[in-house]
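Subject: Structure for you to look at

Hello,

Here is the structure I promised to hand over. Please open it first, then read my notes below.

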Amino acid sequence: MQPDLARLNVNLASAQASATYKIMDRVAARRAAGARIISLSAGEPDFDTPAHVCDAAIEAIRAGHTRYTQVAGMRPLREAIAAKFQGENGLDVGWQDTIVCTGGKQVIYNALSATLNAGDEVIVPAPYWVSYPEMVQLSGAVPVIVSCGADVGFKLTPDALARAITPRTRWLILNSPSNPTGAVYTRDELAALAEVLLDHPHVLVLSDDIYEHLTFDSAGFHTVAAVAPRLASRTLTMNGVSKAYAMTGWRIGFGTGPRWLLEAMEKVQGQQTSGASSISQHAALAALNGPKDFIRESRAVFKERRNLMVSMLNETPGLACPVPAGAFYAFASCEGILGRRTAAGTLLATDEDVAGALLDEANVAVVHGSAFGLGPYIRIAYALDTESLRQACQAIRQFCLSLKD
Ligand SMILES: Cc1ncc(COP(=O)(O)O)c(C=O)c1O
């Protein structure tokens, strides 16, 4: 049915539904029709939430912790978050400098909707997580997309940042390790960006650190407020338990930043969802205060899978995949197969055609790079067991080998 756009909020009318959710819907439809699809499209770890975290949630229910909490989160969790920011990130914060939200997503949404006005600009380096531009737009502001290609490691350079800043810029969004490319900013790279930002005190910085614990090789993790403490008073550092503890469904994210901003975010959240789920907050507390073996072990597993994926993709004619330093995504160029036809006769004119044909003809679901603001690429999430990854790569290879001119 044609939507009646005139009835919608103007900001919503121009927003796109999440490309990743759209693919998940298509996968669900194909599966319901009996197809066996290997989905490399989901942005979540395939592991179970650690047992001690689940136990803490069950215990919370039994103990009757089933009521509203304070909007900004229950104090023990906020204390654990402050300790995490201090201990793991070197940020000098107390529990009052934190906020707990329903997922990392709500941290970002709260911050943008609390600060943006019509016509404000937000610098979003591309490739970007699909939700940033849409959230900016929903807040009535304008996403200023800065393209960061493979030649710069998919990372924003100081020159490109300086060129993008205008008097209307309200925020710069940084995401390291990155979804969709897995790129990780080094300390020096962040320091160089900070140098530019120090000349523009009107710009706030949103540091999306949700993949913090997934860095491989020598790529250490750094967050901008710690690298450049002079920026801390205008930086929102966002994180959560979703990716680090395989807790995507529990919906707990958190942030730290200047008090005026946290108070404004709390005001937004107080009229929207109130405090995050009390049970999930208890689970997150157990995750943050509990043993950290899970993080170490999952990082090792992801690293092995990354190595397997990258080598298999690079052996596939027409694909080229740089080695990602973090997260659980490979971002492979599919330029080499554009203009060709599939065995079923589909012309691959764009990366969206490639992703569509891979799903329809190779039974493998990936997301096209242009959904993240940079084509022609495909994003391949390797959050799946090794055998399935191997099969998926073989199917992709077979698909590429069967293409016709
Ligand atoms: C870059 C990035 N930021 C934030 C989020 C949101 O995390 P959460 O599930 O905690 O809302 C995601 C989830 O996919 C993500 O990829």
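Contacts come first. Take those in the protein chain between residues at least 6 apart in sequence: 73% of them join residues at least 24 apart. Keep in mind that this is a predicted model.

Next, the overall build. The protein chain has 14 helices and twelve strands. Its C-alpha trace spans about 60 × 55 × 50 Å along the principal axes. Why do I call the protein chain a compact globule? With 405 residues, such a globule would have a radius of gyration near 22 Å, and the protein chain has 21 Å, so the two agree.

Now the surface. Of the 405 residues, 54% count as buried. The protein chain exposes about 17100 Å², and carbon and sulfur atoms supply 51% of that area. As for charge, there are 35 positive and 39 negative side chains. The centres of these two sets lie 3 Å apart.

Strand β3 covers residues 121-126. How many of its six residues are buried? Six of the six are, so to speak, under cover. In a regular strand, side chains alternate between the two faces of the sheet. In β3, E121, I123 and P125 point one way. V122, V124 and A126 point the other way. All of these residues are buried.

β3 also has a partner. It pairs with strand β4, residues 142-147, in the parallel sense over six bridges. Which residue in β4 is the bridge partner of V124? It is I145.

Best wishes

Note on methods. Residues numbered from 1 in each chain as written. Predicted model: local features only at pLDDT ≥ 70, side-chain atom pairs only at ≥ 80, totals over all residues. Heavy atoms only, no water. Helix = DSSP H or I, 4+ residues; strand = E, 2+ residues; numbered from the N terminus. Rg over C-alpha atoms; globule rule 2.2 N^0.38 Å. Buried < 20%, exposed > 50% of the residue type's maximum accessible area, 1.4 Å probe, protein only. Contact = heavy atoms within 4.5 Å. Areas by Shrake-Rupley, 256 points an atom, 1.4 Å probe, with all protein chains shown as cover. Lys, Arg positive; Asp, Glu negative; His and termini not counted. Charge placed at Lys NZ, Arg CZ, Asp CG, Glu CD. Pairing = 2+ DSSP bridges.
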